[in-house]
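Biologist: Please show me the structure, and let us then discuss how its elements are arranged.

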Amino acid sequence: MSKVPAVSGSGPLTLADRVEQALSDAGPVAAAFDGFEPRPGQRRLAGEVAHVFEAGGTLVAEAGTGTGKTLAYLVPAVLAGKRVLISTGTRTLQDQVFYKDIPAIARALDVDVRAAYMKGRTNFLCLHRFELLREAAAGLPPEERRWLERIAEWAAATATGDRAEIEDLPDDSTFWSELSATSEQCLGRECPQHADCFVTRMRERAADASVVIVNHHLLCADASVRQSEFGEVIPECDAVVIDEAHQLEDIVTQYFGVSLSTYRLDELARDGAAASATIPPDEGRFAVAVARALSDVQHAARRLFDAARTELRRSDGGGDRVILSPAAAERLSEPGQVLASALDALTLQLERRPELAPDLVAIGTRAASIRADLTQLLISSDGAYVHFIEARGRGVFLRAAPIDVAEVVRDAVLGGRFATVLTSATLAVDGSFDYVLGRLGLAGARTLRLPSEFDFTSQAVLYLPDDMPDPRSDEYNAAAAWTISRLLECTEGRAFVLFTSYSAMRDVHARLEPRVSWPLFVQGSAPRTALLRDFRATPNAVLLATSSFWQGVDVAGEALSCVIIDRLPFASPGDPLVAARINAIQSRGGQPFHDYQIPLATLTLLQGLGRLIRTRTDRGVLAVLDPRLTRMSYGRRFLASLPPAPMTQDLDAVRRFMARPKS
């Protein structure tokens, strides 16, 4: 029997009533959770979420750090009596919700919660591709054969097929990419392993669940495939909670664009060669024709992407993203047409034989899909999308990204559900939700802003040095390295130093290394998870990092006592997508700097500074080195949104703060 009563003497309790009882001072959650502290903000958020779940509509809620927002939406979700979808921005939070929070809440409330954890299909072993690779094992390098043997033992025992169970498999393992399948590679119901497929099983568990936990990448992938012939991935849910909602625009932009890369063409050629092995021996001429068509696609793709690399080198500044101008589109047109013809020829070869194995049928379907994307990509501009070339790792991408995703978020990602809640610690700018409501197409949504439960006036100090040069000057990095070294003396290391660019990070690291005795870890020297593990385990460590460490990273306690930001994180106006969004705002008569660039930079800055204070006992130094924060008029907008820590330009004040004993 539930510990939360369903009725009272005056009639049935509302969901809000039941949630209030669950989170009361003497309620079941307080009794079951060690160290539970009553939090007014948490109760208010939980009540508002319960109201939306009952009455319908959309709630956008900023819940400052320490509010306990995860519990505030999970208690209503567990008690709602309807299927609720929870989407997180990171797998770390996804793991916490599924493995820790929901089981704890279920025990506390004595309720049966059927929860399902959903990930993208590339996290799962594809049994069909696994069998194909085992058949070709003799031709694999020794290291891959050893991995194949290990995975074979694991595959025989695993219930989920989730690669996360293989603890020492590298995050960037290229070998795993041959054992999992993207939606494009999946054979669907034609697959001989469909009934035993781990993705199929995951979907079945989700269809039977009352709470479904996904991440934003899967949420957006699902919304995208629902618009195609592939159908849904996530089951229909009455209500949805979007946690870490500040990430949503970027992820929607990624999934509702069009992309063609060297990796995608290489995979087509590799899978096509493997699928050709299913051609019967007496069909030798057909096999030769398919092999020739695949080879023609490879050569044409290499020529097109070599031309794309030339465009990247041709661009001013030699950046890794360059807009596809009309002139560049014209130069890529001829090699693009050659690739299109080669893809057409491959598709035609396979269409001529109706009785093909499913793997070969899939190659024809993929070739036709790539052909359609190529046609759309080699248009320099079509108004709704910005077209650009990007280098990432060893690959080159042709991309078309939507300039405005507000309608997509409203209608495709969030639309059609009875109740929607979006929450994050950073959604408001200058105390207003106008920016995020506009970017996500949520005009008219109810809003709620709850301050942090932490006492920043005693737990932190904000250091804004007054002697820094202009951040665009050649002297800036040298001055930054000097200031950082002095701050690290005050905090005895124990710091994150967050940069807005890799080049600045590398330059400052080279200048900093001979000056400090603290252990320095630098992004790029090891996988992200390994860097965080080593940082936590190493006394007085300092981590130098860029964008991926500005959010979704928790290091509680004295191991992290200082967060330093090198520059205000303005998105580069030279980036093709940023430039297109600036132009779109200008064309509507808006002010891009005030309406877009400052709010976006403010939310990014708040995420970076938010790494420091994660519990009521944390304390330390927040530092922003960029002098524009105090010298430029727009700096007041940033300052108005920062945590209410006492500000100082005096390094001695920082030393005194760090020397104070913890209360």
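Predicted model: local features only at pLDDT ≥ 70, side-chain atom pairs only at ≥ 80, totals over all residues.

Biologist: At what angle do helix α4 and helix α5 pack, and is α4 oblique or perpendicular to α5?

Modeller: Helix α4 spans residues 69-79 and helix α5 spans residues 91-109, with their axes 10 Å apart. The packing angle is about 60 degrees. Angles of 65 to 115 degrees would count as roughly perpendicular, so α4 is oblique to α5.

Biologist: How many nonpolar residues does the contact of α4 with α5 have?

Modeller: α4 passes α5 in a right-handed crossing. The contributors from α4 include Leu 71, Leu 74 and Val 78, while those from α5 include Val 97, Ile 102 and Ile 105. Besides 2 polar and 1 charged residues, the contact has a nonpolar count of 11.

Biologist: Which strands stand at the edges of the open sheet?

Modeller: The sheet has 4 strands in the order β8-β11-β10-β9, with antiparallel pairing. Two of these strands each have a single partner, so one side of each is left without a neighbour in the sheet. The edge strands are β8 (258-261) and β9 (321-323).

Biologist: Which residue in β10 is the bridge partner of Val 322?

Modeller: β9 pairs with β10, residues 385-392, in the antiparallel sense over 3 bridges. In β10, the partner of Val 322 is Ile 389.

Biologist: At what angle does helix α15 run to β8?

Modeller: Helix α15, residues 358-377, lies across β8, β10 and β11. Relative to β8, the helix runs at about 110 degrees.

Definitions and conventions
Residues numbered from 1 in each chain as written. Heavy atoms only, no water. Axes fitted to C-alpha atoms, helices over the stretch in contact; angles between N-to-C directions. Helix = DSSP H or I, 4+ residues; strand = E, 2+ residues; numbered from the N terminus. Parallel < 35°, antiparallel > 145°, perpendicular 65-115°, else oblique. Left-handed = near helix turned anticlockwise from the far one by under 90°. Contact = heavy atoms within 4.5 Å. Nonpolar A, V, L, I, M, F, W, Y, C, P; charged D, E, K, R; others polar. Pairing = 2+ DSSP bridges.
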